[in-house]
Amino acid sequence: MPKKNQTLGEFIIENQADFAYSSGELSRLINSIRLAAKVVNHEVSKAGLVDIVGAYGETNVQGEDQQKLDVYANNTFIQTLTNREIVCGIASEENEDFITIEGCNGDHKNKYVVLMDPLDGSSNIDVNVSVGTIFSIYRRVTPVGTPVTQEDFLQPGNQQVAAGYIIYGTSTMLVYTTGRGVNGFTLNPALGSWYLSHPDMKFPEDGNIYSINEGNYVHFPQGVKDYIKYCQEEKENRPYTSRYIGSMVSDIHRNMIKGGIFIYPKSAKATDGKLRLLYECNPMAFITEQAGGKATDGFSRILDIKPTALHQRAPFFCGSTRMVEKAEEFMAKYG
Ligand code: AHM
Ligand code: MG
């Protein structure tokens, strides 16, 4: 049973058994992610000073090149993981292809691959709205001792050994799962320590918040249009509340705490939806299921989709189980 006020470091040590095939490698990997997250958090929190120190993409007053924050986050996570030689490969939403990491003396001995969206919702930075980092960890399927291949990254989400997100919000939180529930840690920026603030997080089984970009309404499938009308109907505990930040990590984080559904459906404009299966949907789906919620593409389980391309997209229905099931009922009417 997780203890309150525990630090993330203490939690990892105490829960070693949670890490499948525990050789310490996965613990070290999570440790590297928490370090990179602190570095990115420091930079994100200075974003409002951009007019003072110089805009991103320009040279600042110290003569240093200011990187765009999503590029900065991408480089920070990649460098932190690469320098510690604890993964054999990284795939990022920001990179066209995956990166192979050779390991010590080029021995390709490391077992894990990381897939990530280094700064999700980055269009929100300019207006001081929360953004997030999403990560997903798998054991490689190709033999240790050889370079990773695309096959190691194109595994269905049900093979994830860990997944998590960092939310750079009013406080900064790291929420993750290793397949035994979901725990949330809040950063104390003065000390640089993450404290267990949200042990054993659970989606309420039902909720009253729906999160969808209704501006795209005319392009949505009929099932989604009907579900939106259902949410707005004056009946039982409805109408529901509509909340859409446009930063998926924040929208799903709020819904996990309060009870709700997040939908990014396919549309006439985006025939497979917008969100990326490997970097966004799979990790959020794993966390959601581990928190007792449900994540589908409107018809079937996200985690059972066999990926065919690194940057493939998927429609995403995610949240409190009863709400997702209700949305699926409407979807099923139109096949
Ligand atoms: P990004 O990875 O380019 O930041 O896009 C993902 C984001 C999600 O966080 C968010 O839910 C969605 O895009 C918002 O898209 P839209 O503006 O189409 O509603
Ligand atoms: Mg994204």
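UniProt positions are given here in the numbering used for this structure, with feature names shortened, and annotations may be inferred rather than shown by experiment. An unreviewed UniProt entry annotates residues 204–331 as "domain: Fructose-1-6-bisphosphatase class 1 C-terminal". The model is predicted: local features need pLDDT of at least 70, side-chain atom pairs count only at pLDDT 80 or more, and totals for chains, interfaces and linings use all residues. Residues are numbered from 1 along each chain as its sequence is written, while chains are lettered from A and ligands numbered from 1 in the order in which they are written.

**The annotated stretch**
- Over residues 204–331 the chain is 37% helix and 13% strand; helices (H or I, at least four residues) and strands (E, at least two) are DSSP runs, numbered from the N terminus.
- The end C-alpha atoms of this stretch are 22 Å apart.

**The sheet of 8 strands**
- This open sheet has mixed pairing and the order E2-E1-E3-E4-E5-E6-E7-E8; two strands pair if DSSP finds at least two bridges between them.
- Its edge strands, E2 (99–100) and E8 (193–198), each pair on one side only.
- E3 (residues 112–120) and E4 (residues 131–139) are antiparallel and share 7 bridges, and Leu115 has Ser136 in E4 as its bridge partner.
- Helix H4 (residues 69–83) lies across E1 (89–92), E2, E3 and E4, at about 160° to E3; axes are lines fitted to C-alpha atoms, for helices over the stretch in contact, and angles run from 0 to 180 degrees between N-to-C directions.
- Contact between two residues means that their C-beta atoms, placed from the backbone, lie within 7 Å.

**Helix H7**
- H7 (residues 248–258) lies across E3, E4 and E5 (162–168), running at about 100° to E5.
- H7 is largely enclosed by the rest of the structure, because 8 of its 11 residues are buried (20 or more other C-beta atoms within 10 Å of a residue's own, C-beta atoms being placed from the backbone).
- Among the buried residues of H7 are Met248, Asp251 and His253.
- Gly259 follows H7 and has a positive phi, near 95°.

**The sheet of 5 strands**
- A sheet of 5 strands, also open and with mixed pairing, has the order E10-E9-E11-E13-E12.
- E10 (241–242) and E12 (294–296) are its edge strands, each pairing on one side only.
- E12 runs antiparallel to E13 (residues 316–319), joined by 3 bridges, and Thr296 stands opposite Phe317 in E13.
- Helix H8 (residues 277–290) packs on this sheet, touching E12 and E13, and its direction makes about 150° with that of E12.

Definitions and conventions:
Buried ≥ 20, exposed ≤ 12 C-beta atoms within 10 Å, placed from the backbone.
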